[in-house]
Amino acid sequence: MSERQERASASKKPATGDTVPVAPPCAMVIFGAGGDLTKRLIMPALYNLVTAGRLPDGFRIVGVDHGRRTVEEWRQGLTDMMKQFVASHEGEFQADRLDQKAWQWLGERMSYVQGEFEDADAYKRIGQHLAELDKTAGTAGNYLFYLAVADRFFETVVERLGAAGLVGEQNGRWRRVVIEKPFGHDLPSAKALNASILKVLEERQIYRMDHFLGKETVQNIMALRFANGLFEPLWRREHIDHVQITAAETVGVESRGRFYEQTGALRDMVPNHVFQLLSLTVMEPPTSFDAEAVRGKKAEAIQAIRSLKPGRVERDVVRGQYGPGTVLGKPVLGYRQEPNVSPKSNIETYIAWKLQIDNWRWAGVPFYLRTGKHLKARKTQIAIRFHQAPHAMFRGTHVEKMNPNWLILRIQPDEGIALQFAAKRPGLAMTLGNVSMDFSYKSYFDAKPSTGYETLIYDCMVGDATLFQRADNIEAGWQAVQPILDYWPEHAPNDFANYAAGSDGPAAADALLTRSGRAWRPL
Ligand code: BG6
C-alpha cells in the first residue's frame with residue numbers, strides 16, 4: 001500500500017464508538033439535573049451517543065434537582081441550550097445542526113424528580129419512579145447514578161442511596177455511581193470520602209471521573225507506548241533527558257472566583273488531570289488492557305513520585321498568580337481583581353514543579369510539570385526530550401550544533417504527535433536542519449464530534465472502569481501533593497501577582513529548568 005493509500009484508508013476508519021455494541025438497558029439518574037455540567041457536557045454527550053446509535057431502547061434519563069420544574073420545563077431548558085450551542089459554535093458541543101429525531105428520541109426518555117439531596121423522602125420517590133420504569137420502560141433494574149453535584153453532597157447522596165436500598169446488585173442487575181471531581185481537597189479528606197462511600201458501595205460500583213481520560217489524545221498515550229514496538233525500548237532513563245508536561249490555559253477563573261479561592265491551580269489541576277498525563281507517560285506496561293491491570297500500573301507510577309521534603313518545596317515548586325494583562329489581544333483583570341476573589345488573595349493560578357520518579361526506569365530523569373490560567377496560549381502537551389547523540393562526529397564540518405530529538409504529544413488543541421529530528425539540508429555543504437514528522441488527528445481520522453464524555457458515560461454503562469480512578473489512584477495523587485499543600489499556607493508568597501496575564505508564567509518557573517541548563521518549550 002502506498003503512503004497515500006494508507007492515509008486514505010486510515011481516513012475511512014470509523015470513529016471511536018462505531019464498532020462497540022449498544023449499551024445495556026438502564027436508567028441514568030442525574031443528580032444536579034439543573035446544573036451546568038448536565039447542560040454543557042452530559043446532555044450533549046448523550047445526544048452524541050444517540051446519533052452514534054449506542055443507546056438502547058430501554059434507556060431512560062431521570063433528572064433530580066431541588067428546583068421545582070416539570071419535565072417539560074427541564075427538557076425545554078436543555079433544548080434551548082443545545083440550540084444555542086449549535087448557533088454559537090461555542091462550548092464543548094460542536095455541531096452544525098441538531099438532529100431533531102435524535103434529540104426527540106432522548107427527550108422522550110427524560111423524566112424529572114424534584115427533591116433536596118439531603119431529603120430521604122426524595123430517594124423514596126426516586127426508588128418508586130425507577131421501579132416503575134423497570135416495569136414500563138424496560139430499564140431492567142440497572143441504574144447509573146451520576147453525581148453532577150457540588151462535592152459537599154457526594155457523601156450524602158451515596159449514603160441516602162444506600163439507605164433507600166438503591167445500590168444493591170441482585171439478580172444480575174447493576175448499580176453504579178459516577179462521582180465527578182473534586183474528589184477530596186487533600187489527602188485526609190480524600191481518604192475520608194473513600195472510606196465513607198466504600199461503606200455503602202463496592203469499589204467496582206464506583207466510577208470516579210477525571211474528564212482528561214475522556215480525551216482521545218490522553219487515551220492514545222497508551223496506544224502510542226504499548227501498541228508500537230518503536231517507542232517503548234526508548235522510553236527510559238537511558239534515552240530520555242527529561243520530560244515536560246504542560247497544561248496551559250488562556251481562560252482565567254471567569255465566574256468561578258469563589259470556587260477557585262478554595263482550590264487554586266494545584267488542587268484544581270495537578271493531582272487529577274496533570275497526574276493522568278504523568279501516570280500514562282510513566283507507568284510500566286500492564287499485562288492486559290483490563291481495568292485492574294491498567295489502574296494498578298497507574299497507581300504505582302504515582303506512588304513512585306519522590307516525596308517532597310518541606311525544604312524542597314521552595315526549590316522544586318513554583319507558584320504564580322496572574323496580574324492584569326492582555327490575553328489573545330484582550331485586556332483582562334488580574335486575579336485579585338476578579339469577582340469573589342480577595343484583593344489580598346494568595347491563591348495560586350499557576351504552578352510549576354520539578355519532580356522525580358523513584359524507580360529503575362526513571363531514576364535521574366526530571367519531570368517538569370506546569371499548569372496555569374491566563375497564559376499566552378492554550379496548550380496541553382507532553383514533550384519528551386531524548387539525549388543528545390553521544391558522539392559529535394560532525395566536528396570539522398559546517399554543523400555547529402546538534403539539536404536533541406523531541407517527541408511531542410499534543411493533547412489539545414491541534415491534537416497529534418510530532419517527532420523532531422535533524423536532517424541534512426540539501427546542498428554541497430554538510431549542514432543540518434531541524435525537521436518534524438507530524439501526525440495530526442484531524443487529517444488522519446474521520447472523527448465524530450465529541451465532548452470527551454461519550455466514552456466515559458458509555459464505559460459506565462458497559463461496566464468498563466479502565467478510564468476511571470480507583471481509590472488508590474486518587475489517594476496516591478493527593479499523597480504526592482500534600483507536602484506542597486502543607487507548606488504553602490505557612491509560607492505566604494511575597495511576589496504575587498508575579499506574572500502578567502497573557503505571558504508565559506512567572507520568571508521563577510524558568511529557573512527550575514535553567515539551573516540544569518534546560519528550558520521550557522515555548523507556549
Ligand atoms: C477542570 C478545572 O477540571 O479542568 C478547570 O476545574 C480547567 O479549571 C479544566 O479549566 C481544564 O479542562 P480542559 O478539558 O478544558 O483542558
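A polar contact is a pair of N or O atoms within 3.5 Å; within protein, one must be able to donate a hydrogen and the other to accept it, and residues adjacent in sequence count only if both atoms are side-chain atoms. The model is predicted, so local features need pLDDT of at least 70 and side-chain atom pairs count only at pLDDT 80 or more, while totals for chains, interfaces and linings use all residues. Residues are numbered from 1 along each chain as its sequence is written, and side-chain values use heavy atoms, with hydrogens and water left out.

**View 1. Polar side chains at the ligand.** A polar side-chain atom of Lys 181 lies 2.8 Å from an oxygen atom of the ligand. For His 273 the corresponding distance to a ligand oxygen atom is 2.6 Å, and for Lys 373 it is 2.8 Å. The ligand taken alone exposes 390 Å², of which the protein buries 79% (Shrake-Rupley method, 1.4 Å probe).

**View 2. The shell around the ligand.** Residues surrounding the ligand (a heavy atom within 4 Å) include Phe 212, Glu 249, Arg 256 and Gln 412. By class, the shell has 2 nonpolar, 3 polar and 6 charged residues. Helix 9 (residues 257-282) gives the most to this shell, with 3 residues.

**View 3. Helix 8 beside helix 9.** The axes of helix 8 (residues 216-226) and helix 9 come within 9 Å and cross at roughly 10 degrees. Helix 8 is therefore roughly parallel to helix 9 (angles under 35 degrees). Val 218, Ile 221, Met 222 and Arg 225 in helix 8 meet Leu 277, Leu 280, Thr 281 and Val 282 in helix 9 (heavy atoms within 4.5 Å).

Key:
Helices (H or I, at least four residues) and strands (E, at least two) are DSSP runs, numbered from the N terminus. Ala, Val, Leu, Ile, Met, Phe, Trp, Tyr, Cys and Pro count as nonpolar, Asp, Glu, Lys and Arg as charged, and the others, Gly among them, as polar. Axes are lines fitted to C-alpha atoms, for helices over the stretch in contact, and angles run from 0 to 180 degrees between N-to-C directions. Angles under 35 degrees count as roughly parallel, over 145 as roughly antiparallel, 65 to 115 as roughly perpendicular and the rest as oblique.
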